[in-house]
Amino acid sequence: MAELKGTFYGVSVGPGDPELMTLQAVRLIRQCPVLAAPQTASGQMLALDIARSALDGKTIVPLYFAMSRDPAALAASHEKAAAAVRQYLDAGQDVAMLNIGDVSIYATFAYLQEILQAGGYATAMAAG
């Protein structure tokens, strides 16, 4: 019997006003038991703050992405973030990664999506 893995969703939370999130984004945020979001060096999770009203009872996974021009440092931070998400996917839980703006345009989600898809995980986007 095949092992059931969770799906990794990239969810756009819009430009900053929670009322501008799409219905699809709100549905996925409420549906997924695990939410992941980039975390700044100061500890802020801006995308998570935008979606704050839909966070009840969620597991929150902070993701750190190196701000560097060094390809090795970037690759290492992407792999570390993918590993943080992978443990939940392997447990059969869906994970929504929140992104400011539109997840389909220059979003950090794309780096993890590439890594996870190569590992056989299902991914999807809620652009907006």
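## Inside helix α4

In α4 (109–118), Phe109, Leu112, Gln113, Ile115 and Leu116 are buried, meaning under 20% relative accessible area with a 1.4 Å probe and protein chains only. Among the elements covering these buried residues are β1, β3, α3, β4 and β5 (122–126). Helices (H or I, at least four residues) and strands (E, at least two) are DSSP runs numbered from the N terminus.

## What you're looking at

This is a predicted model, where local features need pLDDT of at least 70 and side-chain atom pairs count only at pLDDT 80 or more, while totals for chains, interfaces and linings use all residues. Residues are numbered from 1 along each chain as its sequence is written, and side-chain values use heavy atoms, with hydrogens and water left out.

## Helix α3

Now for α3 (71–90). This helix has 20 residues and spans 28 Å from first C-alpha to last, close to the 28 Å expected at 1.5 Å a residue (that is, 1.5 Å times one less than the number of residues). Its buried residues are Ser77, His78, Ala81, Ala82, Val85 and Leu89. An α-helix has 3.6 residues a turn, so residues three or four places apart point the same way.

Those buried residues of α3 pack against β1 (7–12), β2 (34–38), β3 (59–63), β4 (95–99) and α4, with contact taken as heavy atoms within 4.5 Å. Just past α3, Gly92 has a positive phi of about 85°.

Definitions and conventions: Buried means under 20% relative accessible area, exposed over 50%, partly exposed in between (1.4 Å probe, protein chains only).
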